[in-house]
Amino acid sequence: MDLSFMYRWFKNCNLVRNLSEKYVFITGCDSGFGNLLARQLVDRDMRVLAACLTEEGAQKLLKDTSCRLQTTVLDVTKSESIRAAAQWVRDQVGEQGLWALVNNAGVGLPSGPNEWLTKEDYVKVINVNLVGLIDVTLHMLPMVKKARGRVINMSSSGGRVAIVGGGYCVSKFGVEAFSDSIRRELHYFGVKVSIIEPGNYRTSILGNKGIESHLQKLWERLPQETRDSYGDEYFRIYTQKTKNTMQLASPKISDVTNSMEHAVVSRSPRVRYNPGLDAKLLYLPLAKLPTPVTDFILSRYLPRPADSV
């Protein structure tokens, strides 16, 4: 045990040299994980290229940090925006390349029972969390290969076990698969790929209006036949349980950004990081249990529909 601890400690403390000369590109820096990570890496004297969805977010981050950070506006659902951002990064990094790409941008809504959602609801989430992530990565890879750097992709515990309906877990399962495949391919170029799989943390990923308002809108647009099959009691209990889960979310988002930072600066980054006690003690065990056992446990969380057999 002592030797194992010392080995882990050494790997955690074995940092990349000349960090002050290395460039990091981070998506989704308006708030949450991306915003805090950008600040942490600036404090490490790295050169941070922060992409925000809005000009307002970009200006605020620029104002609150040092000259080691530069910002650009990026919508990961638009290829022309990604191409422009890639050219901007290329102009910044020059021949030394991009040390780290951090794909952090993501959304959580629309989400809810699958039958309550439409194809468009899935597309809204998958376009940001998965397709956008892939598009950004493909545009940035030549620069990452030049630096023999690394790619850090934001997944979720929901990418190991599907804990909620909608596009969120679907997109995160896709992030896992994409990350696994490029990790094996890029190994030969000296590029490392890490996946961040946090538990439940309190960020703006669920928007500003609140989960209760969101579920109410989903419920009201359903055909009456569908509403009758679930029943008002199902809606009430499902909404309350979802609210309770959100209220239990940890506000200590530095747990996640510390993992992301380690993946950027360590000479031995891990393949997967699982910040959060709920990730380690609940979601990962659920993902590894036999499927019928996992189904039984998670089904205890859901209310019983009015038309259940």
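**Figure 1. Helices H2 and H10 lie oblique to each other in this predicted model.** Helix H2 covers residues 32-43 and helix H10 covers residues 254-265; they pack at an angle of about 50°, and their axes are 9 Å apart. (Axes are lines fitted to C-alpha atoms over the stretch in contact, with angles from 0 to 180 degrees between N-to-C directions; under 35 degrees counts as roughly parallel, over 145 as roughly antiparallel, 65 to 115 as roughly perpendicular and the rest as oblique.) On the H2 side, the contact (heavy atoms within 4.5 Å) is made by Phe-33, Leu-36, Leu-37, Gln-40 and Leu-41. On the H10 side, it is made by Ser-254, Val-256, Thr-257, Asn-258, Met-260, Glu-261, Val-264 and Val-265. These contact residues comprise 8 nonpolar, 4 polar and 1 charged. (Ala, Val, Leu, Ile, Met, Phe, Trp, Tyr, Cys and Pro count as nonpolar, Asp, Glu, Lys and Arg as charged, and the others, Gly among them, as polar.) Helices (H or I, at least four residues) and strands (E, at least two) are DSSP runs numbered from the N terminus.

**Figure 2. Helices H4 and H5 run roughly parallel to each other.** Helix H4 spans residues 79-93 and packs against H5 at an angle of about 30°, with the two axes 10 Å apart. H4 contributes Ser-79, Ile-82, Arg-83, Ala-85, Ala-86, Val-89, Arg-90 and Val-93 to the contact. From H5 come Gly-132, Asp-135, Val-136, His-139, Met-140 and Met-143. By class, the residues of this contact are 8 nonpolar, 3 polar and 3 charged.

**Figure 3. The structure holds 1 cavity of 30 Å³ or more.** The largest cavity has a volume of about 40 Å³. (On a 1 Å grid over the protein atoms alone, a cavity is a set of points where a 1.4 Å probe fits but cannot get out, and lining residues have an atom within 4 Å of a point; points are joined across faces, edges and corners, and the volume is the space filled by probe spheres set on them.) The residues that line the largest cavity are Thr-27, Val-76, Asn-103, Asn-104, Ala-105, Val-128, Gly-132, Leu-133 and Val-136. Helix H5, residues 119-147, gives the most to this lining, with 4 residues. The lining has 5 nonpolar and 4 polar residues, but no charged ones. Gly-132 and Val-136, which line the cavity, also belong to the contact of H5 with H4.

**Figure 4. Helices H7 and H9 cross at roughly 155°.** Helix H7 (residues 211-221) and helix H9 (residues 232-247) have axes that come within 10 Å. The crossing angle therefore makes H7 roughly antiparallel to H9. In H7, the residues Ile-211, Glu-212, Leu-215, Gln-216 and Trp-219 meet Asp-232, Phe-235, Tyr-238, Thr-239, Thr-242, Lys-243 and Met-246 in H9. The residues of this contact divide into 6 nonpolar, 3 polar and 3 charged.

Figure 5. The peptide bond from Leu-109 to Pro-110 is cis, and its omega is near 5°. Pro-110 lies in the loop that joins strand E4 (100-103) and H5. Asp-45 has a positive phi of about 70°, although Asp-45 is not a glycine. The loop that holds Asp-45 runs between H2 and strand E2 (47-52).

**Notes to the figures.** Residues are numbered from 1 along each chain as its sequence is written, and side-chain values use heavy atoms, without hydrogens and water. In this predicted model, local features need pLDDT of at least 70 and side-chain atom pairs count only at pLDDT 80 or more, whereas totals for chains, interfaces and linings use all residues.

Conventions:
On a 1 Å grid over the protein atoms alone, a cavity is a set of points where a 1.4 Å probe fits but cannot get out, and a pocket is an open set with protein on both sides within 12 Å along at least five of seven lines; lining residues have an atom within 4 Å of a point.
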